[in-house]
Amino acid sequence: MTDWHLSAAARTSRGLVRARNMDGFFLDGRSLQPEEMNRGGGMWEENEAPFQLYAVCDGLGSDATGQWASYEVTRLLQILRDAYPDGMTDGEALFSLGRLSDRIHRLSGTDRPPTGAALALCLWQRGTLRVLNVGNCRVYRLRAGKLVQLSVDHTETQRMIDLGMETPYLARMSPRRHLLTQFVGMDSANRAFQPALSATLEVRPRDRYLLCSDGLYDMVEDEDIRKILLRARDAAEAVERLVQQALDNGGRDNATVVCLTVHGYRRVWRLRQG
């Protein structure tokens, strides 16, 4: 029998250009207020709960509306987490994300301009993991030295790649790379709203999972992300070094990262002779 637990860390910076931080993160019930996100910082934890929820989001629109949307997403994730203390099925996860999107859609259409957010989620459930995302926040896995993207980019450039009309290399430099084809804040009844939910993924000890906004991967090449994750002693060092690398490379956008490290050990039952 294997017992599992996660060490998790988050780090954020508004970067060197932006006036506000439009990103957000959710560390299984912990997040930062907008003014704290503007100042930058982070947190870490060890977590043995059978169900855990982690997220990174990136607000859309102006600095003010994007920051509001991002914070509202993290607030609603707390409500969602409280509603499912023991975990959720695939159907419940997709339904809940649709309800969350509808909530942002209604609120942003009242006293503020329409807005929304890109969102990437990791749902940890008793030694397995699922990835759920809308937009262009990403989830990567580092296993045995190999970095793999687990999320799906919902962008105009990714659509062009899928159609064979653009290469991944050229897409990195395309002015359309930040144009989203879907996001949280759309009416979930819209046919374009099709969140990506992975199959249930078996985890292994020493796996590392990275959730990040585009302010990280636009500024740091995947190979450099891989090397930093591989060399970091723990999740807290990984997020610190990743955000610092984004700043060293120019810091043109907000950068937010969450890193999860999987720990597993076998419980050995010993019978006492008497």
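**Figure 1. Lining of the largest cavity in the predicted model, with five nonpolar, seven polar and one charged residue.** The model is predicted. The volume of the largest cavity is about 70 Å³. Its lining comprises 13 residues, and those nearest the centre are Asp23, Leu32, Met37, Ser70 and Tyr71. At least two lining residues come from each of β2 (23-27), α1 (34-39) and α2 (63-83). The largest share, four residues, belongs to α2.

**Figure 2. The second largest cavity, with about 50 Å³ of space.** In the whole structure, two cavities reach 30 Å³ or more. Residues lining the second largest cavity include Leu53, Leu77, Met88, Ser96 and Leu132. By class, ten are nonpolar, one is polar and none is charged. At least two residues each are supplied by α2, α3 (90-108) and β5, and α3 contributes the most, with four.

Figure 3. A polar atom of the Thr128 side chain is 2.8 Å from the backbone oxygen of Gln125. Beyond neighbours within four places in sequence, Thr128 contacts Leu123, Thr200, Leu201, Glu202 and Val203.

**Figure 4. Arg126 in the loop between β5 (117-125) and β6 (128-134).** Arg126 is not a glycine, yet its phi is positive, about 50°. Most residues other than glycine have a negative phi.

**Figure 5. Ala144 in the loop between β7 (138-143) and β8 (146-149).** Ala144 also has a positive phi, near 50°. Its relative accessibility is 85%, so Ala144 counts as exposed.

How values were computed. Residues are numbered from 1 along each chain as its sequence is written. This is a predicted model: local features need pLDDT of at least 70, side-chain atom pairs count only at pLDDT 80 or more; totals for chains, interfaces and linings use all residues. Side-chain values use heavy atoms; hydrogens and water are left out. Buried means under 20% relative accessible area, exposed over 50%, partly exposed in between (1.4 Å probe, protein chains only). A polar contact is a pair of N or O atoms within 3.5 Å; within protein, one must be able to donate a hydrogen and the other to accept it, and residues adjacent in sequence count only if both atoms are side-chain atoms. Contact means heavy atoms within 4.5 Å. On a 1 Å grid over the protein atoms alone, a cavity is a set of points where a 1.4 Å probe fits but cannot get out, and a pocket is an open set with protein on both sides within 12 Å along at least five of seven lines; lining residues have an atom within 4 Å of a point. Grid points are joined across faces, edges and corners, and a volume is the space filled by probe spheres set on the points. Ala, Val, Leu, Ile, Met, Phe, Trp, Tyr, Cys and Pro count as nonpolar, Asp, Glu, Lys and Arg as charged, and the others, Gly among them, as polar.
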